[in-house]
Amino acid sequence: MKYNHDPKLVEQIAHHYREIIKLLGEDPEREGLLNTPTRAAKALLDNTHGYHDDARAIASSAVFEHPGSNIVVVDGLEFYSLCEHHILPFFGTAAVGYVPDGKIIGLSKLARVVDTYARRLQVQERLTAEVCHAVADSMPNKGVIVVVKAQHLCMKMRGVEKQSSSTTTMHYTGCFERQEYREEFFRLLEQRTV
Ligand SMILES: [Zn+2]
């Protein structure tokens, strides 16, 4: 997605990146680094653009009548986020399941809700809970479940964890408090990956 950023804000952040580059012992005036502070500032603003988007408004902007009450599962919602402890990327996919109660939510909106909460300084646990509650509040439903699987560069790059490791978090409401509903969700998830 292409965002428009306030040029004054870009320059303020770029100024600090220039200072950081100097503190690293580099020369911000050398050719390869000349435009890096501005590019880095724009990248940071892109990756934290979720602060300007209203996830709940996005979620409730495409809600449709639906008479059924079978579980809906949407998997593979890709996201890229920044861990709030190190400002390093963590990224992966989210799966959202819900049991409708007269309404369903547009599938593309689920992807945008995940993206909106991901583009902030985040922790994976909060991302998972925020997506779950935004979806749960956007339409009538019997329950919502969100599972997020991600890799954290702050762990991988610093050698804290094995390279192949990933972290899984889960949050749920309503009927998913009951194990049989969670089992149905995971059964459908497994089928999709075959
Ligand atoms: Zn971290």
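At what angle do helix 4 and helix 5 pack, and how far apart are their axes? The model is a predicted one. In it, the angle between helix 4 and helix 5 is about 140°, and their axes are 9 Å apart. The two helices are therefore oblique to each other. The crossing in which helix 4 passes helix 5 is right-handed. Helix 4 contributes Leu110, Val113, Val114, Tyr117 and Ala118 to the contact, and helix 5 contributes Leu127, Glu130, Val131, Ala134 and Val135. By class, nine residues of this contact are nonpolar, none is polar and one is charged.

Helix 1 (residues 7-23) and helix 2 (residues 36-47) have axes that come within 8 Å and cross at roughly 120°. That angle makes helix 1 oblique to helix 2. Here too the crossing is described by its hand: helix 1 passes helix 2 in a right-handed crossing. On the side of helix 1 the contact is formed by Val10, Ile13, Ala14, Tyr17, Arg18 and Ile21, and on the side of helix 2 by Pro37, Thr38, Ala40, Ala41, Lys42, Leu44 and Leu45. The contact of helix 1 with helix 2 divides into 10 nonpolar residues, one polar residue and two charged residues.

In soluble globular proteins, nonpolar side chains tend to be buried together. The largest nonpolar core of this model has 33 residues, and the members that touch the most others are Ala94, Val96, Val113, Val114, Val131, Val135 and Val146. Two or more residues of this core come from each of helix 3 (55-60), strand 2 (72-83), strand 3 (89-100), helix 4 (107-118), helix 5 (124-138) and strand 6 (141-152). Leaving aside residues up to four places away in sequence, Val96 touches Val74, Leu77, Leu110, Val131, Val135 and Val146.

Two single residues remain. Lys109 is located in helix 4. Lys109 and Ala59 are separated by 50 residues in sequence, yet their C-alpha atoms are 5.7 Å apart. With residues up to four places away in sequence not counted, Lys109 touches Ile58, Ala59, Ser61 and Ala62.

Ile87 sits in the loop between strand 2 and strand 3. It counts as exposed because it has 12 C-beta neighbours inside 10 Å. The phi of Ile87 is near 50°, a positive value in a residue other than glycine.

Key
Residues numbered from 1 in each chain as written. Predicted model: local features only at pLDDT ≥ 70, side-chain atom pairs only at ≥ 80, totals over all residues. Core = buried A, V, L, I, M, F, W, Y, C linked by C-beta atoms within 7 Å. Buried ≥ 20, exposed ≤ 12 C-beta atoms within 10 Å, placed from the backbone. Helix = DSSP H or I, 4+ residues; strand = E, 2+ residues; numbered from the N terminus. Contact = placed C-beta atoms within 7 Å. Axes fitted to C-alpha atoms, helices over the stretch in contact; angles between N-to-C directions. Parallel < 35°, antiparallel > 145°, perpendicular 65-115°, else oblique. Left-handed = near helix turned anticlockwise from the far one by under 90°. Nonpolar A, V, L, I, M, F, W, Y, C, P; charged D, E, K, R; others polar.
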